[in-house]
Structure formats: C-alpha cells, structure tokens
Amino acid sequence: QVRFVESGGGSVQPGGSLRLSCVLPDFTLENFAIGWFRQAPGKEREGVSCSSGGTTTTFYIDSVKGRFTISRDDAKSTVYLQMNNLQPEDTAIYYCAVADHITPQLMCTSPRSIPSWGQGTQVTVSS
C-alpha cells in the first residue's frame, strides 16, 4: 500500500493562496514523475500539474497557468503545489500522485492510469 501524506488544504477567499504538500515516504522521488490532481463535486478527476523526474519538465492545465507552481524536494520525498490567486472554480479535493515511465503531460491527462491515490486535501475558495 503506497503511502501519501497530503496536507495544506483549507478555506480561502478569492485571490488567496495555499501551498499543498505531499510526502511520499515509499519512493526515491527523483526517479518518478509526480503530479497534482483535483476532483470537484460531480466532476471527474483532472490533472492540474505534473512534473517529470530528472529534467523536471512540467505540465499545467490552461486554467492554472501563471497561478500554480509545482515543485519537488526529492531529498525529502515531498511534492508541493503553490496556488496563488485562487478562484472559486479551484474548489476541489486535491490529490498527489506518482508514476514512472510517463511524460508529465500524459500523466496529467490520464488520471485513470494512476494506480494509487491518497485521501486528498480539501481546498475551498469562496467569499
């Protein structure tokens, strides 16, 4: 059973910021692609941002470009998602994921290929 320790969610007003963290203690993270996904009520899970190991190629969906930043600290087996200028449409449960032998874009656009998920962390943006 893969362990995900996700944290950092909360409730903010539009325009606010949050930083999500995900610790993956079972992985030598530098060898894997990592990503953040989200699922809003009544909607399918979608990839938000994904990053490769090594060359750190990154992918963002259009709606978060310029607002969200994915990063990783391989030494701490931790993945981050800095979210700025949050909007109500960003409200969702956010999940981190890890995968190998996959590009960031393919990882983010194929959530059904992700074999394991953590419990997620709730992000609520409202005034």
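1. Among the contacts in the protein chain (heavy atoms within 4.5 Å) between residues at least 6 apart in sequence, 61% join residues at least 24 apart. The model is predicted, so local features need pLDDT of at least 70 and side-chain atom pairs count only at pLDDT 80 or more, while totals for chains, interfaces and linings use all residues. Residues are numbered from 1 along each chain as its sequence is written, and side-chain values use heavy atoms, with hydrogens and water left out.

2. The protein chain holds one helix and ten strands, and from the N terminus on the order is β-β-β-β-β-β-β-β-β-α-β. Both kinds of element are DSSP runs numbered from the N terminus, helices being H or I with at least four residues and strands E with at least two.

3. Of the 127 residues of the protein chain, 46% count as buried, where buried means under 20% relative accessible area, exposed over 50%, and partly exposed in between (1.4 Å probe, protein chains only).

4. The structure holds two disulfides, a disulfide being a pair of cysteine sulfur atoms within 2.5 Å. Cysteine 22 and cysteine 96 form one of them, with their sulfur atoms 1.8 Å apart; because cysteine 22 lies in strand E3 (residues 18–23) and cysteine 96 in strand E9 (residues 92–99), the pair ties together parts that are 74 residues apart in sequence. Both cysteine 22 and cysteine 96 are buried.

5. Another disulfide joins cysteine 50 to cysteine 108, with an S to S distance of 2.2 Å. The pair links cysteine 50 in strand E5 (residues 46–51) with cysteine 108 in helix H1 (residues 104–109), 58 residues apart, and both cysteine 50 and cysteine 108 are buried.
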